[in-house]
Amino acid sequence: MSVRTRYAPSPTGMLHVGGAWMTFFNWLYARRHGGQFILRIEDTDRSRSTEYYEKLIMDDLRWIGIDWDEGPDVGGPHGPYRQTERSTLYAEAADELIRRQAAYRCYCTADELEAERAAAAAAQRAYRYSGRCRNLTPAQIAAFEAEKRRYTIRFRTESFRDPARATTGGWLQARDDGSGPRVFVVVPDLIRGEVAFDLADIDDFIIVRSDGGALYNFANVVDDHDIRITHVMRGIQHLTNTPKQFLMYGALAWTPPAVAHAPELAGLDRKKLSKRHGDTSLREYRDELYLPEAMVNFFALMGWYPEEGRELFSREELMRRYDIAEMGKASPIFDRQKLNWMNGEYMRLAMQQEPERVLDLICGYLARHGLLPAEPTAMQRALVRRVLAILGDRVKVGADVLTYADFFFQDPPAMDDAAVEKHLRAPGIGPFLTAIADRLDALATFTAAAVESEVRATAAAFGIAFKVVVHPIRVALTGKTIGPGLFELTEALGRERAVSRLRAGAAIADRD
RNA sequence: GUCCCGGUCGUCUAGCCAGGUCUAGGACACCGGCCUUUCAAGCCGGUAACACGGGUUCGAAUCCCGUCCGGGGCACCA
């Protein structure tokens with residue numbers, strides 16, 4: 001049977017890096033085994049789900065190179081792929097469970113349930129449904145119906161309590177630690193090994209709301225079975241849901257999929273990655289010029305190391321070697337610094353192999369920061385191309401473009417106060433900068449080499465060491481002390497702008 | 001409270017299942033040096049970890065037990 005994995009997002013927000021990370025492994029596993037990857041939209045929470053987010057999520061998924069064989073947009077043989085369009089399926093499955101006496105109607109009101117919960121809390125006990133409606137007589141049911149009470153549907157966990165139903169190798173096992181036989185739901189987790197849950201801890205949980213809507217746990221089981229999902233990889237927070245799901249599979253005489261519970265991504269404080277850590281939506285990384293190939297490589301290395309001594313892997317290599325069983329168990333922390341390094345590696349590669357792609361990216365970035373129009377002219381593009389060439393591997397992420405090259409795109413450049421104070425407001429600098437300006441203005445050919453020889457000659461004429469002279473010029477030209485090679489930068493800036501900035505710098509130097 | 005999962009350098013991790021070759025390896029970050037007109041890159045070097053306590057064993061990061069710490073579940077949320 002071919003491998004089928006899925007990702008089932010709720011379209012209530014942007015695709016989160018944690019979600020993208022998990023999705024990537026599901027996708028990778030399907031591709032690794034020549035199987036299918038399916039996208040299913042869990043939009044049962046109608047008040048919060050929007051089509052807008054559904055589209056954005058799909059767009060972000062495509063951006064990191066995740067494609068799907070079946071989904072709401074492309075269809076497929078097991079559709080529909082939106083939960084809101086699958087409600088009859090859940091209703092049928094619920095009927096089937098009732099027919100098999102594996103589920104029952106519960107007429108308890110919210111208040112009654114709340115009272116049970118409060119009692120449990122007061123006694124410092126974990127809340128378990130009392131089972132009050134488990135064995136209602138026809139007369140009691142008739143009475144509730146006459147009252148027009150609404151009912152939920154609960155799963156009858158009880159039917160699995162008989163140790164005789166347990167098998168030795170199966171997911172329902174009887175174990176005896178000396179205090180009598182107890183029945184356990186044993187989840188064979190591909191990452192963690194067998195995880196046993198005492199059936200006594202599982203109550204009769206609700207599977208259908210009083211408004212007829214299926215609850216997540218139940219809908220999930222029905223969907224995964226119907227869509228023929230073979231491997232479910234999800235966050236560890238779902239591990240405790242799994243025994244309940246296995247029970248439902250069992251009651252319906254369905255075979256549960258293989259499951260694997262990966263750790264959840266954490267922030268620097270070791271808490272689950274969330275909004276308060278900032279930059280959690282994948283799109284923010286895209287906007288900051290992180291490359292999808294870098295994201296994917298970085299994702300792979302969180303929780304999984306394919307081979308010692310190497311960290312850079314192409315998507316194809318990852319596809320060839322990835323195995324769920326090798327996944328780490330501990331929550332990785334999303335380390336921006338390592339991502340930055342990795343993105344730099346891929347950025348360098350992209351600049352060599354796909355310069356036009358990088359050019360487009362940078363133009364877009366500059367436009368988003370107001371330094372370039374959305375539709376740059378051919379001349380503006382040419383300047384960016386040139387700037388990119390002299391920037392070289394200084395560009396690791398979008399912000400580097402600004403820190404090293406913003407002065408190309410704004411007149412006058414933003415001046416760093418400390419740099420001005422230190423390098424421009426030094427004795428003798430004013431006349432020197434004026435002299436340089438004059439000489440550059442008179443230069444026959446305005447090239448980096450020519451600029452350099454003029455600067456060296458002027459420094460010699462003034463009796464100032466070359467090294468000492470570089471910084472004031474840089475500050476006058478760029479407003480800062482860091483950046484690309486001074487002479488390449490000057491050439492790219494062009495004679496006119498270079499000369500006027502040098503004169504402006506001289507004015508600052510001479511000012512009292 | 002209870003159930004479940006986790007715990008190797010600051011971070012990602014290798015090693016753990018099949019104890020010795022681990023005075024615990026790599027990478028990012030950090031620190032120092034070289035190169036150099038600055039920064040970045042590159043090269044060289046450095047700091048830095050088996051959560052703790054008991055076992056078992058000739059020998060434990062690796063096996064067992066306990067403790068501590070962290071995370072998650074315990075909804076008519078997903």
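**Close-up 1. Helices H18 and H20 of the predicted model cross at roughly 110°.** Helix H18 spans residues 466-478 and helix H20 spans residues 495-510, and their axes come within 8 Å. Because angles of 65 to 115 degrees count as roughly perpendicular, H18 is roughly perpendicular to H20. The crossing is right-handed, meaning that the near helix is turned clockwise from the far one by less than a right angle. H18 contributes Ile473, Ala476 and Leu477 to the contact (heavy atoms within 4.5 Å), and H20 contributes Ala498, Arg501, Leu502 and Gly505. Five of these residues are nonpolar, one is polar and one is charged.

**Close-up 2. Phe160 and Trp171 form a tilted aromatic pair.** The ring centres lie 6.0 Å apart, with 45° between the planes. Rings pair if their centres lie within 6.5 Å; planes under 30 degrees apart count as stacked, over 60 as edge-to-face and the rest as tilted. Both residues lie in the loop between strand S4 (152-155) and strand S5 (172-176), so the pair ties together parts that are eleven residues apart in sequence.

**Close-up 3. Seven aromatic residues, Trp21, Phe24, Phe25, Trp27, Phe299, Trp304 and Tyr322, form one cluster.** The structure holds 21 aromatic pairs.

**Notes.** Residues are numbered from 1 along each chain as its sequence is written, and chains are lettered from A and ligands numbered from 1 in the order in which they are written. In this predicted model, local features need pLDDT of at least 70, side-chain atom pairs count only at pLDDT 80 or more, and totals for chains, interfaces and linings use all residues, while side-chain values use heavy atoms, with hydrogens and water left out.

Technical notes
Axes fitted to C-alpha atoms, helices over the stretch in contact; angles between N-to-C directions. Helix = DSSP H or I, 4+ residues; strand = E, 2+ residues; numbered from the N terminus. Parallel < 35°, antiparallel > 145°, perpendicular 65-115°, else oblique. Nonpolar A, V, L, I, M, F, W, Y, C, P; charged D, E, K, R; others polar.
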